[in-house]
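I set out to look up charged side chains and their pairings. My entries follow the structure.

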Amino acid sequence: MNVVLSILLIIIAAVGAFFIGWFFARNIGKNKIKNAEHKAKQIIDEANKEIEIMQKEAKLQAKSEWLNAKAEFERKTQNRRNELRNMEKKIESQEESIERKSNLLSRREQNLNNKERNFSAKEKAIARKENELNQLISKQNRLLERIAGMSADEAKQILMKNLESQARTEAIQIVKRIKEKAEREAEKEAREIIIGAIQRCAADTVVESTVSVVSLPSDELKGRIIGREGRNIRAFEIATGIDVIVDDTPEAVILSGYDPIRREIAKIALEKLISDGRIHPARIEETVEKAKQEMEVIIQENGEQACFEVGLLNLHPELVRHLGKLTFRTSYGQNVLQHSKEVAFIAGLMAGELDMDINLAKRSGLLHDIGKAIDKAVEGTHTQLGWELAKKYHEGDVVLNAILSHHEDTPPTSPISVLVQAADAISGARPGARRETIENYVKRLERLEELADSFPGVSKTYAIQAGREVRVIVEPNKIRDDQAAILSTEIAQKVQNEMEYPGQVKITVIRETRAVDFAK
């Protein structure tokens, strides 16, 4: 019984505890739900407030944008109105100007009509006076015929003879004045274009030699250069193609040959052998090969330096190499590379004065003698060889024509070609540019004097300034002052037609006055 009672009490206690727990749990759940509902309501209220604030801000922003757009529209409208008002003012001003011009033209037209009427009246009056004058002249001529006892034809012949002499004298004076005026006007342009170009392009005078001298530390090396039974000197001459002259010249050996490139290679090789001290056939061949390689580098550097000096940096490498070879080529004693640079500079300066393509003129001038760099064993003129070489490396038509036409082998097709011709003549004709043998020089001076002496009235003739001026002294009783200008022109024309000479020859005729002309 006690056990049963205990179990019942336990069950009752458990049931009571359950109901008590359920009650508390129910109350706690209700409180949580109330708290959650309260929080949710607060969140909803806050969200509604934010929405209201955002709506108000959006309305304010839209209103602000509308006001800005309205202000911008009004500003643009006002600007457009101002522009229209300005255009209206301009149109009104133009209309007033047109009206003024129209009135002025009307007045001018009226004045012209009045002048035309006056001219017509004057023409009629002049015609009447001419008729009266002709009648008077006819009457006077008849009177003169009766007085002089000669016909009108005879009088005309005497008059024409007198007039012819007078007209010839006046014509000589007019020609002289015109020539002097033309020379004065042309001198300034010529100085700016040609003389200025020459002065700005300084160059060395001629230095040509077919030998090179190699200095030796002592004369003892001459024997080593010759070698046993001459084997060293023979090996050197075979390897280089240059003659080695070992004579009594103290501490020097002479290299002789007409190919300047080979001669320079031989000089480099011999200097290396002397510096090294080992001179024998095997070493000679090795040194000559190294000298050839060094020469290739020198040639390339010289070509690049020439292009840099002229300002042309886009030439084909092979053309640059051929330009470098011109360092060791001469023409009439003038270094061809120096001459080519000089022609490029002068042509570029003249092109600049004439508002032409300066770079194209320089390019044509620099390449005009490129054919002289080709081996002499190749057949053809240097103009044809240069044209083929330039065409091979895609030079333009202007450059190709300048190469072909600079010796007038073909007609020039571009003003640049004419400039290259002129620059080539200037570079070759300047004093000291090219050598001339003493025999040819003396013959040229004698020929100049003979041509001047062949004219009647010439007393003495002197060729001076290396044949660039001829002074002609005339007999004053045979040549008048007005005939001196004609004589100088005739002598200059004869010199130009019958002689070949560099540059120009100045003809100075001396009497009481001096008349000067040039054979160009």
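I count a residue as buried under 20% relative accessible area, exposed over 50%, and partly exposed in between (1.4 Å probe, protein chains only). The model is predicted: local features need pLDDT of at least 70, side-chain atom pairs count only at pLDDT 80 or more, and totals for chains, interfaces and linings use all residues. Residues are numbered from 1 along each chain as its sequence is written, and side-chain values use heavy atoms, with hydrogens and water left out.

I looked up Glu318 and found it partly exposed, because its relative accessibility is 28%. Its salt-bridge partner is Arg321, at 3.9 Å from N to O; a salt bridge here is a side-chain nitrogen of Lys or Arg within 4 Å of a carboxyl oxygen of Asp or Glu. Arg321 is also partly exposed, at 23%. Both lie in helix H7 (residues 317-325), three residues apart, about one turn of the helix; helices are DSSP runs (H or I, at least four residues), numbered from the N terminus.

Entry on helix H6. I found Glu286 and Lys290 in helix H6 (residues 281-310), four residues apart. Their closest N and O atoms are 3.6 Å apart, in a salt bridge. Arg283 joins Glu286 and Lys290 in a network of salt bridges.

I found a salt bridge between Glu498 and Arg447 (3.0 Å, N to O). This pair links distant parts of the chain, 51 residues apart: Glu498 lies in helix H14 (residues 481-498) and Arg447 in helix H13 (residues 438-453).

Final entry. My search of the whole structure gave 16 salt bridges.

Notes
Helix = DSSP H or I, 4+ residues; strand = E, 2+ residues; numbered from the N terminus.
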